[in-house]
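Dear colleague,

Please find the structure below, handed over for your records.

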Amino acid sequence: MLENTGIPTPEDIDSVFPSEERLNQGPIIVIECYKKIPCNPCYTVCHRGGIKPFEDINDRPIVVEENCNGCGLCISKCPGLAIMAVDMTYSETEALVKLPYEFFPMPEPGMVIKGLDREGNFITPVKVVKVFNTKATDRTAVVSVAVGKPFIRQIRNIKVEPVEVNQADDDVIVCRCSDVSLGEIRGLIRKGYTTFDEIKRISRVGMGPCQSKNCGPIVLKEIAVMTGKSLDALALGTYRQPVKSLKLGEIADEAERGHLK
Ligand code: SF4
Ligand code: SF4
Ligand code: FES
């Protein structure tokens, strides 16, 4: 796939990603420079020994995991936009990812914008934390964004386009039967639970008497908005027919009328 389209496979990506153990220790870079080419600014700019010394200018850069602190200097110097940094210690649910960015308009801290994968597909909303080098002419700008941890192997770019998430709605109860708010649903989607069944199992949304008749469409729409998936591609999964609780007297009345067999 890399040969034909320039897009690496999951195996290619795994081959350059640091180990889980190193990722969990703090910021580090990921270098997606898959081919031998005559280029080395990533190596020459680093004064921490974060990249193994090049013996030949065609060498592929290899990260020295114990020396790299994910500062991002090499990200802004790489002409191939091949480097990003990941900090899994940013928060319990989100990683801080530094990405090279060469488009306009520049994002601004605080914006919630679209996170894209290597094919340019929208995968998850990301929050812009900091923007570096916006005015430098000799370096690429670097944008750090907070991303749900399950997306760190997919995220590779951003699009400065707002995601339609009105945070003022967070307190709205979407599942009245199980008392689940829109904010709780959004939090789970950000953590990487992107099917109705997964969200249902964790939050009990859709498990009440109406069996998702009322809340199901709202949850599916939120998944579609936040992940960029088409609504047609999403399903409610397994559910029972709606139930309504009855008093014993009502059942007795129905029996008297001969409606029960
Ligand atoms: S992120 Fe900083 S420390 Fe790590 S290799 Fe790049 S320049 Fe060196
Ligand atoms: S600067 Fe970028 S393109 Fe050049 S060798 Fe380093 S990672 Fe590869
Ligand atoms: S509103 Fe969610 S199960 Fe009834």
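I begin with one pairing in this predicted model: Leu96 stands opposite Ala146 in strand 6. Within strand 6, Ser144 is the bridge partner of Lys130.

Strand 6 itself (residues 141-148) is mostly covered, with 8 of its 8 residues buried. Ala141, Val143, Val145 and Val147 are buried on one side, and Val142, Ser144, Ala146 and Gly148 are buried on the other.

As to the aromatic residues, the structure holds 2 aromatic pairs. One of them is formed by Tyr43 and Phe54, whose ring centres lie 5.2 Å apart with planes at 10°, so this pair counts as stacked. Tyr43 belongs to helix 4 (residues 41-45), whereas Phe54, 11 residues away, lies in the loop between helix 4 and helix 5 (73-77). Phe54 is buried because its relative accessible area is 13%, while Tyr43, at 28% relative accessibility, is partly exposed.

Two charged side chains also sit over rings. Arg153 lies over the face of Phe17, 4.4 Å from the ring centre, and the charged end of Lys114 sits over the ring of Phe122 at 5.4 Å from its centre.

Finally, the cysteines. The count of disulfides is 0. Cys68 is buried at 10% relative accessibility, and Cys175 is buried at 1%.

Yours sincerely

Technical notes:
Residues numbered from 1 in each chain as written. Chains lettered and ligands numbered in written order. Predicted model: local features only at pLDDT ≥ 70, side-chain atom pairs only at ≥ 80, totals over all residues. Heavy atoms only, no water. Buried < 20%, exposed > 50% of the residue type's maximum accessible area, 1.4 Å probe, protein only. Helix = DSSP H or I, 4+ residues; strand = E, 2+ residues; numbered from the N terminus. Pairing = 2+ DSSP bridges. Disulfide = S-S within 2.5 Å. Phe/Tyr/Trp six-rings, centres within 6.5 Å; stacked < 30°, edge-to-face > 60°. Lys NZ or Arg CZ within 6 Å of the ring centre and 35° of its normal.
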